Amino acid sequence: MYYCSNYTVAVLLCVVTMFCWGSWGNTQKLAGKTWRYELFYWDYVIGILLFSLAMGLTMGSCGDGAAWGFVANLKASFGTTWLWPLASGVVFNLSNILLAAAIAVAGMSVAFPVGVGLALVGGTLLNYAVKRQGNAAMIALGLVLIVSSIACNALAFRAKQSASGGTGDASATKKGLILAAVAGLLMMWFSPLVNRAIDLTFAKEAPDAGLMTPYTGFFLFAIGIFISNFVFNTVAMRKPVQGEPILDGAKRYFGGSVPTHLVGVLGGCIWGMGTLLAFVSGGAAGPAISYALGQGATLVSALWGILVWREFAGAPKKSALLNTAMFILFVAGLACLIMAGA
């Protein structure tokens with residue numbers, strides 16, 4: 001089983017996590033405006049599940065130490081321990097569907113900074129409460145800077161709306177902000193829940209009794225997402241936040257083109273890679289720092305929305321200055337988090 005025991009390498013893996021978590025939303029954009037996000041989300045969830053299984057049977061099963069192997073660990077950890085990653089998957093899935101809805105109605109540069117930003121702060125504090133690893137003062141300073149960057153992004157959007165007369169997309173943006181905020185408050189719980197079941201001290205012959213490896217935990221987490229999707233996404237299709245209800249969901253879904261489905265699966269694989277690396281690096285970096293660094297995805301996604309998808313096109317100079325401040329504050333916050341674990 002591959003694992004990370006070096007802090008510097010763990011930080012680099014967390015940076016990869018940040019780019020993965022901040023980039024999967026592009027696949028939702030690439031799927032096209034005619035392909036509703038509810039339909040896209042089925043492929044996205046399938047991508048996460050397939051990726052978790054593939055990694056468990058490969059990277060999670062290689063090397064010495066049979067007790068750490070994917071299949072052996074699944075059997076050994078069977079019992080109430082399974083409930084933690086399964087519950088984590090359910091909580092995450094509900095929050096992520098709400099985040100996808102926020103992206104659909106308000107754009108990446110609004111949904112991610114608000115939703116993932118709240119999840120970053122709350123999840124980091126919860127993870128630190130579970131395992132107090134890292135300098136508390138530096139972690140707190142990093143979070144303050146990141147919250148300030150989120151506020152700059154919100155003010156930048158307000159300036160854009162004011163310049164356009166506050167009409168048109170104002171109601172959609174307000175709805176998107178509410179959806180993103182609820183998504184963030186839920187998302188902050190998924191990492192602490194799954195980390196309760198994962199043994200992050202790899203320098204042993206076998207995991208502690210009843211605990212699981214990152215690969216096993218990630219697979220069960222993905223199963224929780226997949227199963228709950230039949231409830232949450234079905235409701236989302238019948239009572240959408242935007243557009244008409246999708247009453248012929250199966251027909252619409254299977255009527256999609258192969259490239260469109262593959263784009264959604266790719267999105268799930270991209271997010272899944274980031275999540276697995278966050279779990280694998282959690283032992284060396286510490287759960288709080290690993291989670292917080294990965295949630296730097298907020299910055300990455302905001303830059304995608306601003307630079308590539310031109311979601312701030314036509315905005316006043318004030319918006320550009322505020323977004324620049326957002327970037328500087330976010331980088332400073334992430335630097336504090338890295339120093340907190342060094």
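At roughly what angle do the axes of helix 13 and helix 15 (residues 317-341) cross, and within what distance do they come? In this predicted model they cross at roughly 160° and come within 10 Å, and helix 13 and helix 15 are therefore roughly antiparallel to each other. The model is predicted, with local features requiring pLDDT of at least 70 and side-chain atom pairs counted only at pLDDT 80 or more, while totals for chains, interfaces and linings use all residues. Residues are numbered from 1 along each chain as its sequence is written, and side-chain values use heavy atoms, with hydrogens and water left out.

**Terms for helix packing**

- Two packed helices are described by the angle between their axes and the distance between the axes.
- Helices are DSSP runs of H or I with at least four residues, numbered from the N terminus, and their axes are lines fitted to C-alpha atoms over the stretch in contact, with angles running from 0 to 180 degrees between N-to-C directions.
- Angles under 35 degrees count as roughly parallel, over 145 as roughly antiparallel, 65 to 115 as roughly perpendicular, and the rest as oblique.
- A crossing is left-handed if the near helix is turned anticlockwise from the far one by less than a right angle, and right-handed if clockwise.

**Helix 13 with helix 15**

- The crossing of helix 13 and helix 15 is left-handed, and the contact (heavy atoms within 4.5 Å) is made by I289, A292 and L293 of helix 13 and by L334, L337, I338, A340 and G341 of helix 15.
- By class, this contact of helix 13 with helix 15 has seven nonpolar, one polar and no charged residues, where Ala, Val, Leu, Ile, Met, Phe, Trp, Tyr, Cys and Pro count as nonpolar, Asp, Glu, Lys and Arg as charged, and the others, Gly among them, as polar.

**Helix 12 with helix 13**

- The axes of helix 12 (residues 258-285) and helix 13 (residues 287-294) come within 7 Å and cross at roughly 135°, and the two helices are therefore oblique to each other.
- Helix 12 passes helix 13 in a right-handed crossing, with A278, S281, G282 and A285 of helix 12 and P287, I289 and S290 of helix 13 making the contact.
- The residues of the contact of helix 12 with helix 13 comprise four nonpolar, three polar and no charged.

**Helix 3 with helix 5**

- Helix 3 (residues 37-57) and helix 5 (residues 83-106) pack at an angle of about 140° with their axes 10 Å apart, which makes helix 3 oblique to helix 5.
- The crossing of helix 3 and helix 5 is right-handed, and in it Y37, Y41, Y44 and V45 of helix 3 meet residues of helix 5 including F92, N93, N96 and I97.
- The residues of the contact of helix 3 with helix 5 divide into nine nonpolar, two polar and no charged.

**The loop between helix 4 and helix 5**

- F78 lies in the loop between helix 4 (70-76) and helix 5 and, at 62% relative accessibility, counts as exposed (buried means under 20% relative accessible area, exposed over 50%, and partly exposed in between, with a 1.4 Å probe and protein chains only).
- F78 and G210 are 132 residues apart in sequence and 7.3 Å apart in space, C-alpha to C-alpha.
- W82 is found in the loop between helix 4 and helix 5, counts as partly exposed at 22% relative accessibility, and touches L74, S77, M212 and L220, not counting residues up to four places away in sequence.

**Cysteines**

- With a disulfide taken as a pair of cysteine sulfur atoms within 2.5 Å, the count comes to zero disulfides.
- The sulfur of C14 is 8.2 Å from the closest cysteine sulfur, in C4, too far for a bond, and C14 counts as buried at 1% relative accessibility.
- C336 is in no disulfide, the nearest cysteine sulfur, that of C152, being 15 Å away, and C336 is buried, with a relative accessible area of 10%.
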